[in-house]
Amino acid sequence: MIGKIAKIATSFIDVPDEIAVAIYFAGCSIRCKGCQNPELLDSKSGKEMTIEEVLAKTSNHPLAKYVVFLGGEPTDQMDFLIELCRKLKNLKKAMYTGREFENLPLSLTTLLDYVVCGPYRIDLSTGGRIASSNQREFRKENGIWNCLRA
Ligand code: SF4
């Protein structure tokens, strides 16, 4: 299976109090006004990678306890994203998405541990990690999703 990936890098800021491997998906169909990552809107901003190639690059970050999917829009490549989650057995999984939590399939959320969701709204911009105040934050604890930021 092939995905379009723009960048894989260590992240110290995307998952609170955790070191993560950030996997930036290329391309986004949501197109929020004032998008925070406009250089990743076009899927051509990434290169084609197999699941195995992404796994190999991810394993170069031994201090990471999490992998975080962002972009671009990870859920635009849903089959690749789910397959990647299934294969990343030793890392907890976080995601930033422009879609609302309720619209994410169970086949994905069952594999995730932390989600920031909702479209970016320039009129509600925060300048912070969670880019606009309409976006919500969810964390799974003991198998149950809790909304930390409604
Ligand atoms: S969902 Fe994210 S990447 Fe897509 S347009 Fe909105 S801010 Fe940009």
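So, what covers the buried residues of helix α2? The cover includes β1, α1 (51-58), β4, β5 and α3 (106-109). "Covers" here goes by contact, meaning C-beta atoms, placed from the backbone, within 7 Å of each other. Helices (H or I, at least four residues) and strands (E, at least two) are DSSP runs, numbered from the N terminus.

Quick caveat: this is a predicted model, where local features need pLDDT of at least 70 and side-chain atom pairs count only at pLDDT 80 or more, while totals for chains, interfaces and linings use all residues. Residues are numbered from 1 along each chain as its sequence is written.

Back to α2. Its buried residues are Phe 80, Leu 81, Leu 84 and Cys 85. They sit on the same side of α2, because they cover an arc of only 135 degrees around the axis, taking the directions from the helix axis to the C-beta atoms. Turn to the face away from that buried side and you find Asp 79, Arg 86 and Lys 87, which are exposed. By buried I mean 20 or more other C-beta atoms within 10 Å of the residue's own, by exposed 12 or fewer, and partly exposed is in between, with C-beta atoms placed from the backbone.

Now strand β2, residues 20-25. Here 6 of the 6 residues are buried, so the strand is largely enclosed by the rest of the structure. Ala 20, Ala 22 and Tyr 24 are buried on one side, and Val 21, Ile 23 and Phe 25 on the other.

And its neighbours? β1 (residues 2-11) pairs with β2 in the antiparallel sense over 6 bridges; pairing takes at least two DSSP bridges between the strands. One to look for is Ala 9 with Ala 22. β4 (residues 66-71) runs parallel to β2, joined by 6 bridges, and there Ala 20 has Tyr 66 as its partner.

Which residues have the most contacts inside the largest nonpolar core? Ile 5, Ala 20, Ile 23, Tyr 24, Val 67 and Val 68, in a core of 34 residues. Such a core is a set of buried Ala, Val, Leu, Ile, Met, Phe, Trp, Tyr and Cys residues joined through C-beta atoms within 7 Å. β2 gives the largest share of this core, 6 residues. Ile 5 touches Ile 23, Tyr 24 and Met 49, among others, leaving out residues up to four places away in sequence.

Last, the ligand. There are 13 residues around it, and Cys 28, Cys 32, Cys 35, Gly 98 and Tyr 120 come nearest; near means a C-beta atom, placed from the backbone, within 6 Å.

Methods
Two residues are in contact if their C-beta atoms, placed from the backbone, lie within 7 Å.
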